[in-house]
Amino acid sequence: MSDQVATMCDQLIKAVNVMMDPGTNQIYRLEALKFCEEFKESCTFCVPCGLQLAEKTQTSVVRHFGLQILEHVIKFRWNDMPQPEKVQLKNCAMQLLSTGTLSILEEESHIKDVLSRITVEMIKREWPQHWPDMLKEMEALTSLGESQTELVMLILLRLAEDVITFQTLPTQRRRDIQQTLTQNMDNIFSFILAILQINVDDYRKLVSGTAKAHCRVAVTTLNTLAGYIDWIALAHITNDNCRLLEMLCLLLSEGELQLEAVECLLIAISRKGKLEDRKPLMLLFDDLAINYILSAAQSADGVVVVERHYIFLKRLCQVLCALGSQVTSLVGSDVAVETPANLNKYMEAMLSFTTHHSQFLKSSTQIMWGTLFRHEILSKVPVVVEMSLKYLKTTRTNLIKTGYPSRNDSPSCEYSRMDFDSDEEFGSFFNLFRSQQGEVVRSACRLVPMEALGDAAEWLGYQLSSPIITGITNGTSEGLCSILSPSVVQWDAMTVFSECVLGQTFRNLTGEKLPIDQGIELLQAVLSYETKDPLILSCVLTNISALFPFVTHRPNILPQVLTKVSAPFWFCVIELSSSLAPRTRAVKNVRRHACSSIIKMCRDYSPFILPCFDMLYDYVKKLFADEALLMQMEKCALMEALVLIGNQFKDYAKQKAFLEELMAPVVARWTSSETSHVLSDAAVFLSYVGADQVSEQTKDTDVYGNNRVQLSYCLQAMLAVVKRSRWPADLGEATAGGFLVGSTPSGAPLFSNPCSSLVLAMLPNVLTLIRTQNNLFAPENLARLSPGYAKAYDLIDVEKNCVLGLPHPLIDIYDTPVYKGNLERMQGFFCTLYDNCYHILGNAGHSLTRDFYTIDGLAEKLVGSAFVSLDHVPDHRFRPIIHILTFQWHDFGFLPLVLSCPQEYYESLLCPLVGPLFTYMLQRLNVKWQIINQRSSSKRRLRQPTREVETCLDHVICVPMSTWSLLTSFPLALKDIYMNLLTISFVALSWKDTNICHRTASMICWNLLRQVVGGNLLPDAATWFLISTLKGLQLHGQHEVCCATLTLLAMLIYENLRPRYAELRAVMSQIPDINMEALDQYDHRLLDPKAQKFGDKKRKDQFKKLIAGTIGKALCEQFRKEVHIRNLPSLFKKPKPERDLLATEALGLEALFSPQRASV
């Protein structure tokens, strides 16, 4: 036997060396691997070979393989081993722990790991029933030296992870071990703390190698503590006057131990539970603990950035935030907790991280500051009010956007390189960080409104008086700033700060408290400021908008404000030699910003601006007279602003006359015979916009650009009017103004929109354009595109980035032209034109209401335009068609076209519209997903329209459920639509998109199916629903969330349909490895009304076991060898006491019926 073992060991050593040698041929490596695996599976003397290979004389690689053999035996052969062999293997394992390792500093970490795994695998199978002295044996091992002590800590840690964290045991075994651990936790915890205390003391006393050994043990002990602190009773953590927490605070000053100590501290302080149990955590506000925390926080910024120390700072910051969360929960609650005496020291520690060079650390404190400033009690404490002033001062620095990973112009850059992979990632983070700061600034303003306003005024005044510093610019015009110029960075930060402060000032200060004179003085200073730089001008516009509420107290300066805001409309045009010169992104943005600003003012303050309407209207007419002065965006913005103010006329005739005058040129151009001819024929349309012409690369030679501009302008003007024109919200004013035209059968008032006649006159050509645009994708029209415009219908870069989830470039986009060539301009034109058409349709229903839905043959017109040539329309252009039904741009405040439809038009409009659309969507998506399931390319692009369809189903089904009850008067149409919806929903479960599967299964499928469960479904339909769900489980079952929702859906289908459709049992019987006896029992409880009924949880568990054979597994789990751990006799199952209710003590119920009680 010994000779065989020796021979086999030699062969195994050679095989291991071959596998691990990087120069080995792949064929030899596979043969060696196969030999080793076959040995572990079939050899009868694995244990002696493993022990011999695990000897200290072998190399670490061979020793690790030997220990792996022992682990394999325990995991897969333990149940078949006789008891003497188990005892022998256990003794050998304990011997390895005692004498089988090198010194603690020499031994490899993977050797220690596998040794701990071996021991834990035996513990999971035998403790406590068959190994009651395990804990005592572990304690005895620690007396043998530092190496054994470390191994014991690793064993305890892995045991906690397997039993509590990962739960890799059967339920009964896990319960037995967990309850035994809980019962012995006093001893275990005291033992761990004693080991930690001893080794920390020895580490501080000793030097050189011995100190390192004790340090290693202390580190491992802290890691073990971290594995227990998050689940043991809070009483163990707070025992002995929070001795553990105090010890951890002391270790924050030890460089080698501080990271592990702070992680333990974080877990302990983050514990949830009853408030009274968490009350002892307030001891961390005592002088000793808070001083150590404050000292560690204030020494945060180092000259050299060390990764380990930086991670420690992050954890310490989390500790402070968790501690703040505890104090804000306890103070003011039912638990009697006073405001901590050292709250000021706590906030100083928080402020140290808020002023740190790391942007990540700064952001980590924001939520806690906001919670503190909003707290009902703590926010009134003087030290908190004082700290809010310091925070506002600090925020003025933190809002400045610095620290790009690619740059070296700030100490923050070094930290950013450790936190972010790119400037784009940093930019996305900083946007979120800035929004967090804005929320906290608003909260601080509630505490100190006047001081905050003073800070904002001071900073704004400083920027107005400071010279512009461009810094080093790349490619910008001479004298202009780039996005990274020092002045732009400062202006940007100041603008965010002043906007937050001013917005909160008008909410907190009213009447005489509002410093009107100071505000008007600031506004006058901003209005007097002149700059040629577009980036800074954009900040100036934001400040004017923020200060605009002061104008309501000084109406005389309103014309000056409107002039200043509208000036950027033609910014940079008059200075350029050619109005067609390419504009930079910064110029484009400042013009867009001016448009948004004036629209916002007219929307929010239209009654106040109404007296200036004539002046503004005359001003707009002068601007419109010069065709080259304004672009279509600025013209439409001014029209939109005028319409918003015109709504305040509250006179139907006057508003209608104004709109007719305003829109007269647009209506004339759009309804002309020339335009109708262009829009009605795809070939003529392509020629008109120049898509069939040779593409030149300069804008000057694009002679068809004016045609495109005119078409876009007409649509945008129409959209502006239909979106903004309204009747008065007050019924009395609407009636007096002539807007009321009748009432619905239910008595609701009906109003007429002043723009109805204009929009209805332009609508036919809109529908014609939609039909023509769909025809553009036909092969014969694609062939008409010139080679330079062959990709004119492709996704533009912005849409590509949106679909792919890519961030936009952050640094250089402001200095480049908006469009680089005619192709990109053509792509933008087609994209905008297509979207605007559907924007108009989506808004028309809500804005025009009855005037829109009473159009003769509306359904046929929509189907004949939007649904034409859909087979040729690409997926990215199919999305707006879905938005006809579910208009997704909710920031505009418009309801879906379907939801705005009056009930009496459901049959004539919705059924002809919804039915064909859902039928086509089912065919289109099903075919494409069948192709995509066979390959991975283009999957992400198809997911977008698929999710739009899923969202459409969600809106149509889950929101207006009452709609379907109203449609019951049209049974045939409803049946077709409903079956299409059901088919789409259940087919979607088998598409390779987990998000679609989860949302459809959880929100749509059962909501639809339960409406028809009581109807007369065909047996084939009933079985198809169940089969579709099981197919989804087979495809997505590896994902826990999808598995849970699909399992519940399958159970609901089976339980609701099985009593009427016996065919479902045949489906279930085809599931691989199903337990037919268990299925019979499930059916018996389901079908027999007298059978015992189980609760929801038990029914779900039973059903999940029944369908386990169809639940898909991840590839990494499909070939995993199962580990079986047998249950041992339970130690904790107590028999229920038998009690005689008649013989028990009195319950006091008879006192309720005593004569004394009755007399009362």
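**Charges over rings**

I started at Y617 and found the charged end of K621 over its ring, 4.2 Å from the centre. I kept in mind that this is a predicted model. Next I looked at F360. K314 lies over the face of that ring, at 4.8 Å from the ring centre.

**Salt bridges**

How many salt bridges does the structure hold? I noted 37. I then went through some of them.

I looked up K112 and E150. Their closest N and O atoms are 2.8 Å apart, in a salt bridge. K112 sits in helix α6 (residues 109-126) and E150 in helix α8 (residues 146-165), so this pair ties together parts that are 38 residues apart in sequence. Are K112 and E150 buried or exposed? I found both of them buried.

My next stop was R434. Its side chain meets that of D492 in a salt bridge, 2.6 Å from N to O. R434 belongs to helix α22 (residues 423-447) and D492 to helix α24 (residues 486-508), so the pair ties together parts that are 58 residues apart in sequence. R434 is buried, with a relative accessible area of 13%. D492 is partly exposed, at 28%.

I turned to K1097 and D1101. Their side chains form a salt bridge with 3.4 Å from N to O. Both residues lie in helix α54 (residues 1096-1106), 4 residues apart, about one turn of the helix. K1097 counts as exposed, with 62% relative accessibility. D1101 is partly exposed, with a relative accessible area of 37%. I also noted a network: salt bridges that share partners join E121, K124, R125 and D162.

**Aromatic pairs**

I moved on to the rings. A search of the whole structure gives 39 aromatic pairs. I picked W369 and F373. Their ring centres are 5.7 Å apart and their planes stand at 25°, so I logged the pair as stacked. Both are in helix α19 (residues 366-374), 4 residues apart, or about one helical turn. W369 is buried at 1% relative accessibility, and F373 is buried at 3%.

Then I checked W727 and F751. The centres of their rings are 5.4 Å apart and the planes are at 20°, so this pair is stacked. Where do the two residues lie? I placed W727 in the loop between α35 (705-724) and α36 (731-736), and F751 in strand β2 (residues 749-751), so the pair ties together parts that are 24 residues apart in sequence. F751 is buried, with a relative accessible area of 15%.

My last entry is a cluster. Ring pairs link F685, F777, Y793, F829, F830, Y834 and Y838.

Definitions and conventions
Residues numbered from 1 in each chain as written. Predicted model: local features only at pLDDT ≥ 70, side-chain atom pairs only at ≥ 80, totals over all residues. Heavy atoms only, no water. Salt bridge = Lys/Arg side-chain N within 4 Å of Asp/Glu carboxyl O. Buried < 20%, exposed > 50% of the residue type's maximum accessible area, 1.4 Å probe, protein only. Phe/Tyr/Trp six-rings, centres within 6.5 Å; stacked < 30°, edge-to-face > 60°. Lys NZ or Arg CZ within 6 Å of the ring centre and 35° of its normal.
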